[in-house]
Amino acid sequence: MSGLGLVLHPTRDVTEVVGIIERWATRHRKTLMVRAEDKHRVPASVEPVPEGQLATRVDALISIGGDGTMLGALRSAILDPKPVLGVHLGRLGFLVEVEPPELPDALSRLLSKDFTVESHACLACDVCGDDVVAFNDIALVRQPGSGFVTATLAVDGQQYGYYRADAVVVSTPIGSTAYSYAAGGPLISPAADAVVVTPSAPMAGISRSVVLSPDEKIRLELEPHSSAVVVEVDGQVLRDAATEGAVDIGYRRNAGLVVRFDPLRYQERNQLKMGLLDLPFLPEQLRELLPQELRRTQEDIPPPC
């Protein structure tokens, strides 16, 4: 392994984690690269490269942040998938596995190829002629105060029905724990191949989640009387105030590669996180439920998502 690419959370302080990686890379004589626009956030020894070249010039990517940063790293390598190691920084995350204190050992295992690769599918979308990919979900969301999203659903060219709702969310299996879950959608095993279409706060039309085969082609088309719609891809705004057009969605297998060191431990952590999401407590209230010797100070507990 010759080079590692760093993908940084856009706003959080990554200095400590980058320092750990930089010292390890110096000891092992490995090259570190980062997007040119992030060069001011890393030591001078980290080589800046154009954003579009980062994934193609390294053997693996290290995502420093949460799930959003991890999704960005996966999208950046869509044309040439590389293993992505997620380093947790801050709030609750379902894709990231490694905590900063575990980094030196994790990097050494990455170097010796002592890990497994978890393959992830994505949604390949045509949004009014623009090709985009989503590893979690693509959503049509109403603009506040402008009424409802009104869109028809077609599957393999056959009209299925229509939605009138605050949002319509189309998700992958890993995305089923995100926006779709918050809207009342089902949890889909990451090992399954499926696409979930879930309305949020439906007022009419299809009111439940629809689970479709990955081989079926999905089309969502805005009705003429729909309100202005925001199109979000993995939580990022792609189009704002769209009032017409269609989104065509397909399923692409093996589009992203995630590094896993201990899959069983990772799954156990995620089961605990899912349980915590359903508890109506603030972090300081949850701390009071722990035995005294396991409690941490208030400032050590990350804020809720």
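**View 1. F261 and the aromatic pair.** F261 counts as buried, because its relative accessibility is 14%, where buried means under 20% relative accessible area, exposed over 50% and partly exposed in between, with a 1.4 Å probe and protein chains only. This is a predicted model, in which local features need pLDDT of at least 70 and side-chain atom pairs count only at pLDDT 80 or more, while totals for chains, interfaces and linings use all residues. Residues are numbered from 1 along each chain as its sequence is written, and side-chain values use heavy atoms, with hydrogens and water left out. A search of the whole structure finds 1 aromatic pair (ring centres of Phe, Tyr and Trp, the last by its six-membered ring, within 6.5 Å; planes under 30 degrees apart are stacked, over 60 edge-to-face, the rest tilted). F115 and F261 form this edge-to-face pair, at 6.5 Å centre to centre and with 80° between the planes.

**View 2. The surroundings of N136.** N136 counts as buried because its relative accessibility is 12%. Leaving aside neighbours within four places in sequence, N136 is in contact (heavy atoms within 4.5 Å) with L71, V170, S171, T172, I174, G175, A178 and D234.

**View 3. V170 in the largest nonpolar core.** Of the 29 residues in this core (buried Ala, Val, Leu, Ile, Met, Phe, Trp, Tyr and Cys residues joined through side-chain atoms within 4.5 Å), L123, I138, L140 and V170 touch the most other members. Apart from it lies another core, of 27 residues, including L4, V42, A60 and I62.
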